[in-house]
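User: Could you walk me through a few packing details here, one question at a time?
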There are 2 protein chains.
Amino acid sequence: MAESKIPYKINLSENEIPKAWHNVRADMKTAHRPMLHPGTLQPVTPDDLRPVFCDRLVAQELNDKDRFIEIPGPVLDFYRMYRPSPLVRAYFLEKALDTPARIYYKYEGGNTSGSHKLNSAIAQAYYAKEQGLKGVTTETGAGQWGTALSMACGYFGLDCRVYMVKVSSEQKPYRKAVMETYGATVTPSPSGTTQIGRKMLADDPDTTGSLGCAISEAVEAAVSTEGYRYVLGSVLNQVLLHQSIVGLEAKAALEKYGESPDILIGCAGGGSNLGGLMAPFMGDRLAGRKAPRFIAVEPASCPSMTRGRFAYDFCDTGKVTPLAKMYTLGSAFIPASNHAGGLRYHGMSPILSQLYHDGYLDEARAVGQLGVFEAAKLFAKVEGLLPAPESAHAIRVAIDEALKCRESGEAKTILFGLTGTGYFDMAAYMQHNDGTMEDYVPTDADLARGFAGLPEVAAE
Amino acid sequence: MAESKIPYKINLSENEIPKAWHNVRADMKTAHRPMLHPGTLQPVTPDDLRPVFCDRLVAQELNDKDRFIEIPGPVLDFYRMYRPSPLVRAYFLEKALDTPARIYYKYEGGNTSGSHKLNSAIAQAYYAKEQGLKGVTTETGAGQWGTALSMACGYFGLDCRVYMVKVSSEQKPYRKAVMETYGATVTPSPSGTTQIGRKMLADDPDTTGSLGCAISEAVEAAVSTEGYRYVLGSVLNQVLLHQSIVGLEAKAALEKYGESPDILIGCAGGGSNLGGLMAPFMGDRLAGRKAPRFIAVEPASCPSMTRGRFAYDFCDTGKVTPLAKMYTLGSAFIPASNHAGGLRYHGMSPILSQLYHDGYLDEARAVGQLGVFEAAKLFAKVEGLLPAPESAHAIRVAIDEALKCRESGEAKTILFGLTGTGYFDMAAYMQHNDGTMEDYVPTDADLARGFAGLPEVAAE
C-alpha cells in the first residue's frame, strides 16, 4: 500500500475548487414536468414562487438553459473552510473484501454539520442575505440539513428557524443543541406556532410528526412573516445544482489519476446527494460520452423509486407546496418508526425521477437496514470513518458490487458518495449492537394507503 | 482571501508523513526524575514495567537517548487513513478578531475517534499485537482515548476492555456506543470486576468515579489477566513520543510557506497534546535555535501546573502505579463535577513538568470554562468547526494573544493545537447555551486536601 501511485486521499488544491455549479437540466433530453400551483393546478410562475423562495433561487429553480452557473464569491470563500473534500481510495475496504475492484468514495462528512448539506445551505443563506432578508425557515428530520443551515445562517448573521420532526428532536437532543449553538431557533413539529401545526395536533395530539408536516409548518411560517423566506435541503432543482460541486470535484480528482468510474452509487432520500455526485458524469452520459452505470440506493422501508408511482404529488403533508411530478409513495405515506436515520421522504427529486423514468439513471435498488448497518460497521472498522446511516446505504451497494467483482474477476472502478458521519446516529448503532434492530418492508396494502391520498392530477 | 498565497488548509502529501517520531527526552538538558516502584520506592526497572506494558513500549518509555524512533510500517499504513492532518490558517478568525496576528491551528479531530488520541492508540495496539497479546485494558474519562483505542484494537483484531468513569458513561451513552460499535467492552468504573473497584464501591456506594480510580482498575485487570497489558492515553513518555507526529507535520507544513511560530499554545490535561505539538519546536529551543514561546493552558478548576506542586506522586487513586515526579494536585484531588470535558487529571506529564520547572516551557495559564465556551462558540461560528471543550482552552488563549496583537499592532504568528471535535460534548454546550454553566475555582483549602494525600516521598 505504501508504494501505491494513487494516494489514499486525493486532495485537490483550493484553487481547484470549481468556480461554477453544473446544471444538469441543461443536459437533459426530456425536461421534467413543471411544478403546479397547489390552488390552480397550473404550472407555477416565478411570481408564484417569490413569496416562498429568494428571487435568485427562484431563477435557479426554473433555469433549464444554462449548463454552468457561477458560484458567488462569498460562497466560494466559505467553501474554502471545508472544501475541496477528500476523494478517498478505499484500499482498506478493498483488502477486507479481497476484491479486484477499485473503490473510491467522496467524503462529505468532514465539516461540523457532518454532511454534504452544507454545500447548498451556504448558497441559500447567501442569496437570502444578498436580498436583504431577515431570516429563513426550514424543516429538518434526522437533523443534518438543520445543522448545516444553522451554520450557514450563523456565518451570515441571518435568523434561522428550524421546524424539527418531533420524534427526532426528542431522540436527538444533541443535534438540536448544535443548531442552537449556531444561534438557530428549533421548534418541534407539529407545533402550536402555525395553523397547520395546530390542525395536526388537534387531529392527533400524540403524533410524532413527519417531514412532510414540518415542511408545511416551515412554509407557512415563511410566507406569513415579513422578511423571511423558506429554504429546503433536498428535492428541488436548486439544491441538486449546488450539490453538483461534489461530483465536479470527484471527477476532477479521478481524472488526475486517469480514472473514470464504471459504477456510480449514491443513497437517495430526496435526491440531493446522488443528484450532486452524478451531475457531471450524467452530463457525459446525456452527451453520448463514456459514463458510469448509475445506481440510486433507497431504504426498503421507504421505497419511492422501486415501488412508488411516477405521478404529480404534493411535496408536503399539509398540501401548501406546489405539486411536483416525481416518483412518490404519496404525501400521506409515513415510513415505519423503526427506520433509522434520514431517507424518509415520500418523494424523489423531479430531476432524478425524470432521468430514472427515461432510463438514464440506470437502476434504483432498495436495501434493508440490517444489511446497511452491517456494511456500516465493517466500513467503520476498516476505513476508520463511522458513516451516517444514510451514507451506509451506498456503502452496502458498493460492497455488493465489489463482491460481484470478486466472483467475476473484473477490476471495475466504483465511486460512491459518503455523505456524512454517524456521530449523531449512535442510538441506531446501539440498536444494531444489541440486536434489537429489525428490517421492515411495507406491504402492498401499506403502499396502497399512501397512493390513495394522491391528488386527482397525479395521473397527468 | 481568495488571492492569498497561503491556502486556508495546508495539506502535506502522504509521502510527507514523518517516518520517525521525535523523542524530546534526547534533547532535554535535565532528564526528568525516574518513576519509582510503588512498593520499594526505588527507580523502576524494565522488569518492573513489563507485566504492565508491552515490551517495546517499556523500551520507549525509558529511552532518553534516541532523538528519532522509527514508526513501524503497519502504523504508518494506518496513519494514511487520516494523516497528514490539515494545518489550517485561521483567516476567518483573524478577520473576526480584526488582528494583525497570523493564526494557525493543527486540526486533529477529523478522524472518527474525533481527537489526536488515535496517534498513540494505533501505535500501542500495534506493539501489543506484535507481542502476540490477546488484548489490552485502559481507562477513559471524557471518552476520546477509549474511542481511539477501540478503533485501533478493532483494526488489529485485539480485545479491548475500557473502564469508563461512571459519571461519563452515564452522561455520554453515545460515546460508549461508538466504542462498542468498534467491538470494545465498556465497564463503568468503579466496578465489581476488580478488587480495587469493589473497595471503592464499599467505601462509597454512590461514587461517580474518577480517572484515577479507573486507571487503578484497568491496571489491576491487565496484570491479573493472562495475555493482557495496560495502555494509557496521556502522561507517559511513550504517549508524548507518538504524539510528536502532530508537531512534526505542523512544522513541515509551516516551513513550506516560510513560517515559524512566535507563540505555540496547547491545552494540557495529562500533556499528550501539548507534548506532541511542541516536540520538534522544543528541540529547537533546547538546541539554542529560534523557537516559539510555549504556553500550556489548563482549566482553572484543575490547575496542576499553575497551582500544583512539583513532587513525586501516584498516577492513580488506588496507588498501584509507579510514582512520577510531576506537577500534581495530589492523586486524591477530584475536580468539581460541573467542569466540562476532559483535562481533569490531577497530574501532568513528567516531561512537561520538568521542562516547565526548568523554564523551557515558558508559561502555564489557567482559564475559566465560561470564557472557554465563549471562545469555542465564536470559533465554531467563524471557522466552521465545533471544538471539543479541551481544545477550546487553547482557542481561548490563542484569541487572547491575537487580541493583544491588535492592541500592540504586532503581526505575531500563533500556532495552536485543535485536538478534537465537540460532537460528543453537546451536553456541556447546552449548559452554556441555557446559561446554567458556572465557573469554578478550587479554594486553597480544596487544594490543601489534595496535597495532604501526597506520599512522604513527594518532597524528594
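Predicted model: local features only at pLDDT ≥ 70, side-chain atom pairs only at ≥ 80, totals over all residues.

User: Over to chain B: which elements do the buried residues of H2(B) pack against?
Analyst: In helix H2 (residues 55-62) of chain B, the buried residues are Leu57(B), Val58(B), Gln60(B) and Glu61(B). Viewed down the axis of H2(B), they fall within an arc of 165°, so they line one face of the helix. Their packing partners in chain B are strand E2 (20-22), helix H1 (46-49), strand E3 (68-70), H5 and H11.

User: How are H5(B) and H11(B) oriented, and how do the residues of their contact divide by class?
Analyst: Helix H5 (residues 118-130) and helix H11 (residues 237-256) of chain B have axes 8 Å apart and pack at an angle of about 125°. That angle makes H5(B) oblique to H11(B). H5(B) gives Asn119(B), Ser120(B), Ala123(B), Gln124(B) and Tyr127(B) to the contact, while H11(B) gives Gln238(B), Val239(B), His242(B), Gln243(B), Ile245(B) and Val246(B). By class, the residues of this contact are 5 nonpolar, 6 polar and no charged.

User: What about H11(B) and H12(B): at what angle do they pack, and what handedness does the crossing have?
Analyst: For H11(B) and helix H12 (residues 272-286) of chain B, the axes are 6 Å apart and the angle is about 55°. The two helices are therefore oblique to each other. As for the handedness, H11(B) passes H12(B) in a crossing that is right-handed.

User: And how many nonpolar, polar and charged residues does the contact of H11(B) with H12(B) have?
Analyst: On the H11(B) side, the residues making the contact include Val239(B), Leu240(B), Gln243(B) and Lys251(B). On the H12(B) side, Gly275(B), Gly276(B), Phe281(B) and Asp284(B) are among them. Sorted by class, the contact of H11(B) with H12(B) has 10 nonpolar, 6 polar and 2 charged residues.

Note on methods: Residues numbered from 1 in each chain as written. Chains lettered and ligands numbered in written order. Heavy atoms only, no water. Axes fitted to C-alpha atoms, helices over the stretch in contact; angles between N-to-C directions. Helix = DSSP H or I, 4+ residues; strand = E, 2+ residues; numbered from the N terminus. Parallel < 35°, antiparallel > 145°, perpendicular 65-115°, else oblique. Contact = heavy atoms within 4.5 Å. Nonpolar A, V, L, I, M, F, W, Y, C, P; charged D, E, K, R; others polar. Buried < 20%, exposed > 50% of the residue type's maximum accessible area, 1.4 Å probe, protein only. Arc of directions from axis to C-beta. Left-handed = near helix turned anticlockwise from the far one by under 90°.
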